[in-house]
Amino acid sequence: MFSLKGKSAIITGGGSGIGRAISVLFAKQGALVHIIELNSEAASNTIDEITKAGGNAIGYSCDVSNQAQVIDIFNKIGNIDILINNAGIAHVGKLETTSEDDFTKIFNVNVKGAYNCLYAAIPALKKSSSAVILNMASIAALVGITDRFAYSMSKGAIYAMTLSVARDYMADGIRCNSISPARVHTPFVDGFIAKNYAGQEEAVFEKLSKSQPIGRMGKPEEVASLALYLCSDEAGFVTGNDYPLDGGFVKL
Ligand code: NAD
């Protein structure tokens, strides 16, 4: 079940958190994993973990917001069956405290980064007999989290991008879905707490965990499990949808 043997997968942001867990699981299931990362050291750590476990992974130093870099690397990689647009950054603030620079930075990475990778990947995906795209959205796209104006907007764009791409490339045999996680315990969350709540880390971690109906944060491995299903041949009928992974956050 859920074998990725013989498949070639590009995972952006595979050096940390959710992207790292997906990279490790996909390699374990037999995929050749290509990690596209801004942070080369983080990519190397993921690759070490994969190779020690007997899997295959290659790292590429790249800023997904830079289209020339992305196209060059995707051309070098060649054949791919799976693209996971996972790299993303956060910004805290409502509209009035979001500067033009903040807005541009978030959109360059979260939205243009995903567009760049899709643009570069489509020709190769068209040649695959089991092509699939998975975008990392967020519950911010579904409910508009408090104090996350630009971030929520960027994830809303990912949601719409998923539907548009699924529709336009269905005839080419390419499936496209997104996952919308609620809070997942990764360096992304730890960094946010450390930056904004120095000295109260434990209490804030507890408060954020309890703010989710299930009473805890998600684990990166739980996102990876859903990603594996969505990218496997077993999910051949699944396209054009978003899958919240949220401990009950959106509906309960
Ligand atoms: P993370 O910060 O732990 O990892 C993100 C990785 O992306 C890092 O290794 C970073 O170096 C890389 N990256 C950032 N900018 C890049 C760029 N311009 N080019 C290439 N690589 C870049 O984050 P995470 O928590 O694992 O989040 C992964 C994705 O999941 C993000 O898109 C995030 O918005 C989304 N998400 C996270 C949560 C959460 O609570 N952790 C919830 C919902 C959605």
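Helices (H or I, at least four residues) and strands (E, at least two) are DSSP runs, numbered from the N terminus. The model is a predicted one, in which local features need pLDDT of at least 70 and side-chain atom pairs count only at pLDDT 80 or more, while totals for chains, interfaces and linings use all residues. Residues are numbered from 1 along each chain as its sequence is written.

**Exercise 1.** Locate S61, and determine which residues S61 touches, not counting residues up to four places away in sequence.

*Solution.* Step one: S61 belongs to strand β3, which covers residues 56-61. Step two: a residue is buried if 20 or more other C-beta atoms lie within 10 Å of its own, exposed if 12 or fewer, and partly exposed in between, with C-beta atoms placed from the backbone. Because S61 has 14 C-beta neighbours inside 10 Å, S61 counts as partly exposed. Step three: two residues are in contact if their C-beta atoms, placed from the backbone, lie within 7 Å. Apart from residues up to four places away in sequence, S61 touches E37 and S40. The C-alpha atoms of S61 and S40 are separated by 5.6 Å, although the two residues are 21 apart along the chain.

**Exercise 2.** Describe how the axes of helix α1 and helix α9 cross.

*Solution.* Step one: axes are lines fitted to C-alpha atoms, for helices over the stretch in contact, and angles run from 0 to 180 degrees between N-to-C directions. The axes of α1 (residues 17-28) and α9 (residues 220-231) come within 8 Å and cross at roughly 50°. Step two: α1 is therefore oblique to α9, since angles under 35 degrees count as roughly parallel, over 145 as roughly antiparallel, 65 to 115 as roughly perpendicular and the rest as oblique. Step three: the residues of α1 that meet α9 include I18, L25 and F26, and their counterparts in α9 include V223, A227 and L228.

**Exercise 3.** State where D147 lies, and decide whether D147 counts as buried or exposed.

*Solution.* Step one: D147 is placed in the loop between α5 (139-143) and α6 (149-169). Step two: D147 counts as exposed because 12 C-beta neighbours lie inside 10 Å. Step three: most residues other than glycine have a negative phi. D147 is not a glycine, yet has a positive phi of about 65°. F2, also not a glycine, has a positive phi of about 55°, and F2 is found in the segment before β1 (8-12).
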